[in-house]
Amino acid sequence: MKIGDHEWRLDPIGPHIWRGRVETGQLLALSRAVKDEGGQLVALWGSDDRHLNGGFGIHVALLTGLGLAWVSCALPTELPAYPDLAHIFPQADRMQRAAFDLLGITATDAVDERKWLRHNAWAADEFPLRKDFSPLTAHRLPLPEVDAYPFIRVQGDGVHEIAVGPIHAGTIEPGHFRFSIIGDRILKLEARLGYTHKGIEKRFEGMDIATGARLAGRVSGDSHSAYAWAYCMAVEMATASAVPERALWLRALFLEIERIANHLGDLGYLGNDVALAFGFVQFWRLKEDWLRMSAKLFGHRYLFDRITPGGVATDIDAAGQAELDALASRIEIEVRELKAIYDEHATLQDRFADTGICKPELAAQLGLTGLAGRASAQAWDARTQFPQAPYDQLDVNMATQRRGDVLARAEVRFAEVYESLRLIRGILKRLPAGGIHAPLQPVQAVCEGLGWVESWRGEVVVAVRIAADGTLDRVHPHDPSWQNWPLVEVGVLDNIVADFPLINKSFNLSYSGPDL
Amino acid sequence: MASYLILQKILKTGFVSEPAPQADPALRTREQALHAVILKVFGQAVAIRHVDAGSCNGCELEIHSLNGPHYNIDGLGVKFSASPRHVDVLLVTGPVSRHMEAALKRAYEAIPDPKWVVAMGECACTGGMFGESYASCGKISNVIPVDVEVPGCPPTPTALLQGILAAVSKGAPNADD
Ligand code: SF4
């Protein structure tokens with residue numbers, strides 16, 4: 001694969017997905033070449049490979065002009081280290097810190113060496129994702145009460161801090177936000193996450209492939225189908241297993257249903273956050289109708305465990321297709337009515353516009369992705385540029401905006417609701433006949449694969465390595481919230497504290513996803 | 001213009017709220033002393049504080065749904081509150097991550113007595129897919145006392161409501177009526 005002037009040894013392992021290994025010394029040059037071309041770093045994670053080749057591994061998933069490149073470097077057993085990538089891709093910062101917390105592999109010369117996922121559940125010299133880590137010893141240790149974390153301090157006359165969380169006032173996931181403010185204006189926001197870290201990656205180790213799909217879908221429940229699909233894509237790639245065409249189309253159907261459900265909920269909450277309770281009630285009424293339809297047709301309101309390795313667990317019949325099609329049409333009419341109200345509502349427009357701005361240049365620099373990225377002119381959507389089947393036959397229209405404010409993120413949501421409804425009607429019309437499931441090919445030797453799915457929030461990547469005995473050896477699920485959280489911190493600058501809930505909701509990032 | 005469209009839409013939509021489900025006393029895991037006596041005084045008006053102790057965020061989706069128009073919880077006297085100081089019921093989701101253990105205990109202690117704890121979802125009831133590990137304490141009752149367990153992954157809003165009502169309705173069947 002040619003990136004910049006250099007030919008890199010990367011081989012295609014799936015449509016638009018590439019695989020390669022480079023020397024640690026080449027990692028910087030490769031990253032720079034990708035950045036110069038306008039690419040991004042999507043994910044970074046580590047692995048303990050000592051039982052395979054006697055060392056550790058560092059892995060990156062890079063978005064290039066030809067698709068996603070999964071590149072790995074072998075690191076030594078003693079003092080495993082690789083060059084800091086955060087000075088090229090700032091979004092690497094927290095991923096590198098997490099890789100250290102979990103595996104003890106170091107990003108050399110990184111500016112920020114503070115812990116990230118580790119609070120007080122294990123000691124600084126213990127590394128849970130090392131194969132020789134003993135979870136039982138750690139589990140019995142009493143927890144130190146206080147978990148010290150050096151926040152960056154803003155000093156000067158009249159500056160003070162507001163500390164919020166981990167438990168928030170509303171029904172949202174736990175995390176800590178440290179605001180430095182002057183008067184009502186935000187001078188700095190620093191998030192501290194990791195509260196919901198529940199050892200998901202360790203949990204995958206030794207699990208059978210089928211159970212792994214259930215766990216993958218629960219990395220971030222609101223993106224269940226995206227994760228389950230990405231995981232299944234990875235294990236199907238690893239085992240060179242074919243999936244029936246109808247199953248792939250049903251997976252896309254589930255993914256678009258999930259996108260609509262989340263967008264409807266968010267559009268309701270965005271109304272609520274500017275005191276338009278009417279918006280909340282209306283959109284959540286539509287969402288409830290949508291969820292009940294999923295429960296009726298597919299057996300689960302959020303389609304949990306409907307995507308399984310080798311296919312899907314539920315089919316749809318002609319009557320179901322007609323019902324879904326009719327509901328999609330009704331929802332579209334109603335959303336258009338509500339959009340007209342949001343457009344006309346002066347207070348709402350006033351609060352949405354110019355609030356929580358992430359400028360396109362900054363978004364590009366910091367790697368803002370997914371729906372928030374598209375609202376800041378980052379025109380990436382894996383379904384459009386690098387489609388996996390059946391998206392290669394669906395011609396997805398990408399929604400983009402340039403303003404980068406709350407209004408832009410709301411507009412992208414509206415546009416994506418309409419587009420997903422159109423896709424759903426198209427899928428229902430063209431759904432190929434045939435089976436919905438095929439058994440995976442048996443595992444013969446250690447094998448690996450990568451799944452890449454555009455969730456409603458952004459790209460979900462799942463990398464999988466299967467051991468020779470057919471159990472999972474290493475699974476890394478990547479949530480788009482990793483990249484986007486730092487942009488929330490930037491987007492709130494100079495806004496008033498009271499607008500934080502609105503700005504935060506306009507991104508609606510996952511805590512569980514990146515906390516793992 | 002917006003107000004006109006809003007009124008028009010409200011009229012067109014009509015009422016969507018549904019009758020409330022019955023409390024499901026079978027979800028109860030323990031009976032507290034004075035339970036019936038207290039409830040005679042307070043009836044069924046109940047304030048809830050939710051704490052996510054490490055969930056996948058799937059259970060939260062259904063708490064949001066419960067606040068939607070189909071379920072009309074305000075009409076039942078059920079209210080979510082921002083502070084643990086104001087509530088009767090602590091609704092907890094997820095397994096308890098070790099990083100949330102201290103915060104969950106503090107939230108529990110901050111609630112004035114008498115108080116009830118509702119554990120929502122498979123993870124909260126058993127540890128679920130995440131179980132117990134270096135990072136997870138498993139089920140809620142490993143960390144604080146639990147009164148009602150609502151299974152499901154995630155439980156439907158109706159099941160959740162049945163659990164909440166079970167926490168604050170009089171005793172188990174035949175217990176004290
Ligand atoms: S019970 Fe299910 S939905 Fe609820 S937190 Fe656990 S995995 Fe998520």
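**Helix packing and an open sheet**

Modeller: In chain B, five strands form an open sheet in the order β2-β1-β3-β4-β5, with parallel pairing. This is a predicted model, in which local features need pLDDT of at least 70 and side-chain atom pairs count only at pLDDT 80 or more. Residues are numbered from 1 along each chain as its sequence is written, and chains are lettered from A in the order in which they are written.

Biologist: What makes β2 and β5 of chain B edge strands?

Modeller: β2 (78-80) and β5 (148-150) of chain B each pair on one side only. Two strands pair if DSSP finds at least two bridges between them.

Biologist: How do you know that β1 of chain B is joined to β2(B)?

Modeller: Three bridges join β1 (residues 46-52) of chain B to β2(B), and the definition asks for at least two. B:V46 stands opposite B:V78 in β2(B).

Biologist: Why are α9(A) and α1(B) called oblique to each other?

Modeller: Helix α9 (residues 277-298) of chain A and helix α1 (residues 2-13) of chain B pack at an angle of about 40°. Angles under 35 degrees count as roughly parallel, over 145 as roughly antiparallel, 65 to 115 as roughly perpendicular and the rest as oblique. The two helices are therefore oblique. Their axes, lines fitted to C-alpha atoms over the stretch in contact, are 12 Å apart.

Biologist: Which residues of α9(A) and α1(B) meet?

Modeller: With contact meaning heavy atoms within 4.5 Å, A:F278, A:Q282 and A:R285 meet B:I6, B:K9, B:I10 and B:T13.

Key:
Side-chain values use heavy atoms; hydrogens and water are left out. Axes are lines fitted to C-alpha atoms, for helices over the stretch in contact, and angles run from 0 to 180 degrees between N-to-C directions. Helices (H or I, at least four residues) and strands (E, at least two) are DSSP runs, numbered from the N terminus.
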